[in-house]
Amino acid sequence: LGSRCSLLKSAPPSRMPVCGSPSNLYIGCQIDTVDEDTLPEALRVAAATRFDFVVLPLSRQESYNREESKYELVPSSGSDIVLDGKTWSTAVVGAVASWCTPDMAEFRQVMGEELRWASHLGVFGVLLPPPSLVHCHFYASTLSQLMLGGMISSQVMLRVPCTVDGADGWEVWNKFRILCDHNPRLQVALELTSDLPETDYELGKWFAEPVRAVIVPSDVFLKNKQGFPVMSKRHKSFLTSFFMHKVQVIIEAPKDAPTPAQAVEATSTHLSYVARVFNSQKAISPQEQFELPYLDHLQSPLQSMQDDLESHAYETFERDLAKYSLYEEAICKVFDRKRLAMGDTLAPLAVVVVGPGRGQLVIAVRNAAKRSSVEVRVWAVEKNQYAVVSLRHRCKLENWENVEVVGLDFREWEPPHSMDVLVSELLGAFGDNELAPECLGGARWILAPDGVCIPRRCCSFLTPVMSPKLWNNVRHYDDVAHMESPYVVKFHQAFFPCTDIQPCFCFEHPSPEGARHDRYASIDFVTEMDCVVHGFAGYFNCELEDGLTLSTIPGSQCEGTITWFSMFFPLREPMCLQRSQLLQTHWWRLHDERKVWYEWAVSKPTVQPIHNPGGRSFSVLQ
C-alpha cells in the first residue's frame, strides 16, 4: 500500500511487489492476533515470505472489559518503538478491533482511541470493521465526526464483504457512504466471499467504487489436484478485473494457526498463486497504453470556434491512423461513385477540407484521388494561423500542387465556384458540441447540386452512469457552475446501470434549407440494477458515407481510434434507483447570437433542477 519498505532490516533482497504493466501489485498479509512477544517473528516470516505489507490489529482483546463496560487501549505491538517510523508509515495497515461494534455503549470512545493510536503510529492505512444495515447510521455518524474533526490522518478503508447473509454487500456500502455524505476519503477494502452475487453484471458495480484493496480470506481458496490453493473461475476473473484498477491484495492468514508466524507462513502458497494470476494478464494494447493518463481525467470540451489547437494537440490527433483510414475509405467511395457516373467526362473534382489542421485530411483526399484515379483540386480552409503556416510549408515540401491553403474561418470563405465534396472532422465527444451544425449549416450553398458532405449525418447518444470518483472530483470545486458543466473523459472507474444507450440529437450535413439547430429530447431509461446515478455518459455515431461510420458508442466503437473520448454530464445530486425503476430525463440544445449550450434535467423518480439554464455555467462560443 504505497512505497515498498523492508519489514525488517534483515529481510532478503528478493522482494515483492509483483512487477507488471502498467502498474505493480502489492500484496499484504492480515494477521488476526499478535502481541509484542510474537510480533517480531511474525514480521520476520512476512518479510521472508515476500509480503509487501502486513495488516495488524491496533489493540488487543483485553483492551475492553465487557462485564464492566470499560475500555483502556492495550496496543497489540506493545508500543511504537518496536518498528521504525518508515516501516509503520509504508508497510503497516492498522486494523480496528473487530469486536468494536456500533451497539456498544463505548463505541465512539473505542473507535476514537484506536484511530488516535493509528494516527500516532503513522500507519499508512486504517482498516475498519464491516458495517451492518441495522446499526449503519450509528457507525457512519461516529466515523463522519472523526473524519471531519481531522482526527484521521491515514487513509480509511471500510471492510465490506461481497455478500452479507446472502444479500448484496454493495447495498450496505451504499447506505453507509450516503450517510457519510460521499466523503472521498472513505475507501473500500472489499472482502471476497465464497458466494458472490448472482451475475457478473452485479459485480460490475464494484469497479465504479473506491475499492483500495481486495481481501481474500483463506476459505475462498480451493485446492487443486496437487493440493495447492487456487480460486474458482469466477473469483479469479473478478480479482483479475480489479488489477486494472490498481488495487492491493490482502491475504487473510488462517486464524487457527498455533502462532502468528505460522499463520503467515501458511499463506505463502496463496501469495504465489495471486502473483501468478497477476502475471498471467494479457499485455495492454498500444491504444490502452495511450489512454492510461486520461482515465477518469476530467477535461473541458474544446471551444473549436474560438480556440486554436497547439502543435502537441495536432501531433496527438495525427496519431489516429484508424480515423484517417476510415475517412480515406469514405472519400474514395464518393470519388468512385462520381467516376462511375460521369465516366471520361469527369472534370477535376473540387474538394474543400474544412479545418484540416496540419494536413492529415488533405493527405486522405489526395490518397483517395490516387486510388480512384480521379483528378482533384483541394481548398484547405483553416482558421488557425499557425496551422496555416504548417499547411503552406507542407505544400512546398511535399509538392501539393493541387492544394490551395485558405487562412479563414470557413463561414467567412467565398469559394471560387461550387464544390463537389466537402470533408470535415468537426466532431466533439458529444458529436455536435464543436458546432458542426452551425459551421457546416451553410455548406449547401457552396456545394454543387450533386455535392457530397463527409460526414453526412451525426447523432449523439446518452446513458446513465455511476461514477463516485468523477462526481466527487466535480464536487471538489464546491460551486454550482462545475456541477452544471459537461466534461470530456475516458471512463474507467464507472458502471453503467442500463445496457440501453439511446439517441439524443441528430443532425444532417449539410442542414436542410431553413433548418434550426436547437433541439429537445425526452429520454426514458429503465435501470437494470440497484444503483446510484451520478450523471450521464455521452457518445456519438457519425455516418461518413454509406456503410462507413465513426462511433464512440461502447460495443460499436471504431477499433483503434484515439481522437475522441466520452462526455460526462454530472447531476448536482446523485440519485439512488432500484432495479427496473424509470429514470425520465430531458435534454435541450439551445443557442443565442453568441453561444450554444446544453441543458438537462431529471423529472422521475424525483425532480431535479434544470442544469445550466440559459448556458449560465457552460456554453460553446460561436
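The following legends accompany close-up views of a predicted model.

**View 1. Residues of the annotated binding site.** An unreviewed UniProt entry carries the annotation "binding site" for Tyr 314, Lys 323, Tyr 324 and Glu 382. In the predicted model, Tyr 314, Lys 323, Tyr 324 and Glu 382 are included in the lining of the second largest pocket.

View 2. Tyr 314 has its place in helix H11, which covers residues 311-317. Because its relative accessibility is 11%, and buried means under 20%, Tyr 314 counts as buried. When neighbours within four places in sequence are left aside, Tyr 314 is in contact with Leu 309, Gly 357, Arg 358, Glu 382, Asn 384 and Ala 387; of these contacts, Glu 382 also belongs to the residues under the UniProt annotation "binding site".

**View 3. Lys 323 and its surroundings.** Lys 323 lies in helix H12, made up of residues 321-342. Lys 323 counts as buried because its relative accessibility is 0%. If residues up to four places away in sequence are not counted, Lys 323 touches Phe 317, Glu 425, Leu 550, Thr 561, Thr 563 and Trp 564.

**View 4. An open sheet of four strands.** The four strands follow the order S23-S27-S28-S29, and their pairing is antiparallel. At the edges are strand S23 (519-526) and strand S29 (620-621), each of which pairs on one side only. Within this sheet, strand S27 (residues 582-591) and strand S28 (residues 595-604) run antiparallel and are joined by eight bridges, and Leu 590 stands opposite Trp 597 in S28.

Terms used
Residues numbered from 1 in each chain as written. Predicted model: local features only at pLDDT ≥ 70, side-chain atom pairs only at ≥ 80, totals over all residues. Heavy atoms only, no water. UniProt positions renumbered as here; feature names shortened; annotations may be inferred. 1 Å grid on protein atoms, 1.4 Å probe; cavity = no way out; pocket = protein on both sides within 12 Å on 5 of 7 lines; lining within 4 Å. Helix = DSSP H or I, 4+ residues; strand = E, 2+ residues; numbered from the N terminus. Buried < 20%, exposed > 50% of the residue type's maximum accessible area, 1.4 Å probe, protein only. Contact = heavy atoms within 4.5 Å. Pairing = 2+ DSSP bridges.
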